[in-house]
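Hi,

Here is the structure I promised to pass on.

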Amino acid sequence: MAQNAQNELDDLYGDVVLDHCRTPRNSDTVEPADLRADGVNPFCGDEVHLQIALNDDQAARVGVQSVGCSINRASASMMSEALTGKSRSDIVELAKTFRAMLKGDAPSDDEREDLGELTVLEHVREFPVRIKCALLPWSTLEDALAG
Amino acid sequence: MFDVNEIRKDFPILQREVYGKPLVYLDNAATSQKPRIVIQALTDYYEQYNSNVHRGVHALSMEATDKYEEARHKVAKFIGAPKAESVIWTRNTTESINLLAMTWGRDNILPGDEIVVTQMEHHSNHVPWQKVAQDQQAVLKVIPLTKEGTLDVSDIDSYITPKTKLVAFCHVSNSLGTINPVKMLTKKARAVGAKVLLDGAQSVPQMPVNVKELDCDFMAFSGHKMMAPTGIGGLYVKMDILEEMEPFMRGGEMVLEVWNDRATWNDLPMKFEAGTPNIADAIAMGAAVDYLSDLGMDNVRKHEAQLTEYALTEMQKIEEIDLLGPMDVDIRGGILPFHNSEIHPHDLGTFLDREAIAIRTGHHCTMPLMRAMGLVATARASLYVYNTEEEVDKLVSVLKDALRYFGDGAKRAKRTR
């Protein structure tokens with residue numbers, strides 16, 4: 001494989017991504033849930049089912065079940081960890097920052113700090129047709145927040 | 001038989017590299033590459049005789065008209081249509097089928113009538129008939145499939161009945177590669193007085209197709225899958241039916257005389273070609289037909305069958321993938337869909353792409369078929385005249401790499417090449 005193409009592929013499918021993909025976190029359904037939504041991309045069959053139980057204004061428990069490609073599954077799993085413990089307004093901000101990372105330029109240092117482990121998904125930018133895979137869990141989250 | 005390496009020289013794009021590697025183009029069922037003479041035909045038209053067709057009294061218009069109608073003759077001959085006027089230019093197969101559904105379909109399918117399609121239809125030969133069935137209070141029936149991905153005709157008489165007005169099906173399935181038994185289905189349709197629409201999008205490019213021998217009433221096909229440019233295709237309609245059909249779109253070119261309150265229609269086929277047509281691409285489709293005719297469609301099919309057999313044999317050796325569709329190349333075109341239950345086709349497709357191998361992943365515009373198979377997406381490699389055994393070897397080898405890469409946690413250790 002040409003070196004650059006191989007490196008890009010290894011960046012996309014890094015160890016963190018594959019680990020989340022093989023061992024998804026928070027995959028049990030949360031019941032009862034205060035926020036919930038289901039997302040589907042009919043073109044490739046990716047699916048995300050999301051439940052959030054709030055305690056006051058904080059995401060106390062997050063459940064996410066995803067089906068489909070590894071980018072979607074890893075993004076969903078990482079999102080569930082990132083949301084847990086965050087307030088509603090912080091969640092809204094995080095979703096904005098994540099979306100900006102995939103659609104725009106590389107995130108700033110402050111944004112990197114907010115995104116934490118999620119920054120491993122910034123390489124998806126180099127694979128434009130896969131951006132929607134990484135965003136499906138997040139658009140499902142936005143649907144859940146919108147009620 | 002032809003020399004594939006000589007043929008490859010006729011396709012400029014096959015010389016290019018992707019990510020620094022030679023392109024391996026295996027997405028031919030989506031669209032084929034174009035030989036130099038097709039590209040040249042476009043350039044010639046625009047550089048030397050670009051002009052509107054019909055009714056022009058000047059030299060360029062007459063030249064353009066001659067070439068445009070000559071292309072229609074070539075295409076008609078290529079598909080065995082008895083008359084050139086029985087071929088209507090359209091944008092592609094989808095437009096051909098919609099034209100038919102909105103004209104013949106609406107005028108001839110009545111409440112209680114039945115339209116029969118199959119479980120393996122492309123959306124373009126399924127969704128237009130859903131609409132006709134809804135609008136006309138007709139019934140849409142779907143012939144199911146066997147496990148091998150062929151039509152299950154064991155109960156065919158309960159699908160094709162005296163109520164059937166139209167049997168619409170693909171000659172070759174774009175998602176499975178299956179070559180359907182056209183003559184048998186046509187005979188069944190004839191026996192109950194139904195008309196037959198053949199979707200030739202995948203068959204016309206890769207095998208000899210003769211509408212007279214197949215005895216279909218309608219056939220839709222696309223230029224871009226048979227080396228012609230995008231934006232040009234055709235609809236064949238049997239003359240006696242075509243003469244009775246109402247126009248599709250109304251406007252210039254399709255009229256004979258116009259008064260304030262009414263109009264009469266031009267001769268066939270112009271009656272169905274309102275507005276300035278796609279002159280350049282039609283002429284280039286004539287060039288594509290010349291190219292394919294020079295190769296000989298028997299030879300094209302022979303190459304396709306041999307390479308498909310080779311690919312099936314090699315791909316069957318990969319334990320981790322399921323090959324879909326019939327394994328007998330006598331009833332299979334050069335379409336190779338495959339599936340791995342653990343690894344999503346998009347991940348496989350991305351991996352192959354980085355090795356400059358172009359395949360397609362997804363539902364291939366056959367969602368009802370995917371649902372029937374319990375899948376949402378597959379990966380699909382599809383072959384054409386310029387593909388080689390070496391390219392199939394490359395596909396198989398990179399596919400094995402991809403399966404190792406995604407298949408277990410020790411991917412880095414295994415990537416030692």
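**Domains of chain B**

In this predicted model, the C-alpha centres of domain 1 of chain B and domain 2 of chain B lie 29 Å apart. Domain 1 covers 4-30 + 296-416 and domain 2 covers 38-293, with bounds from an automatic or database domain assignment. Their contact (heavy atoms within 4.5 Å) takes 35 residues from domain 1 and 33 residues from domain 2.

**E253(B)**

E253(B) forms a salt bridge with R55(B), 3.1 Å from N to O; the term means a side-chain nitrogen of Lys or Arg within 4 Å of a carboxyl oxygen of Asp or Glu. The partners are 198 residues apart, with E253(B) in the loop between α9 (239-242) and β11 (255-258) and R55(B) in the loop between α2 (36-49) and α3 (59-78) of chain B. Helices (H or I, at least four residues) and strands (E, at least two) are DSSP runs, numbered from the N terminus. Phi of E253(B) is positive, near 70°, and E253(B) is not a glycine.

**Cis peptide bonds**

The bond from E31(A) to P32(A) is cis, with omega near 0°. The bond from L268(B) to P269(B) is also cis, omega again near 0°, and P269(B) is in the loop between β12 (263-265) and α10 (279-295) of chain B.

**Reading the numbers**

Residues are numbered from 1 along each chain as its sequence is written, while chains are lettered from A and ligands numbered from 1 in the order in which they are written. Local features need pLDDT of at least 70, side-chain atom pairs count only at pLDDT 80 or more, and totals for chains, interfaces and linings use all residues, while side-chain values use heavy atoms, leaving out hydrogens and water.

Cheers
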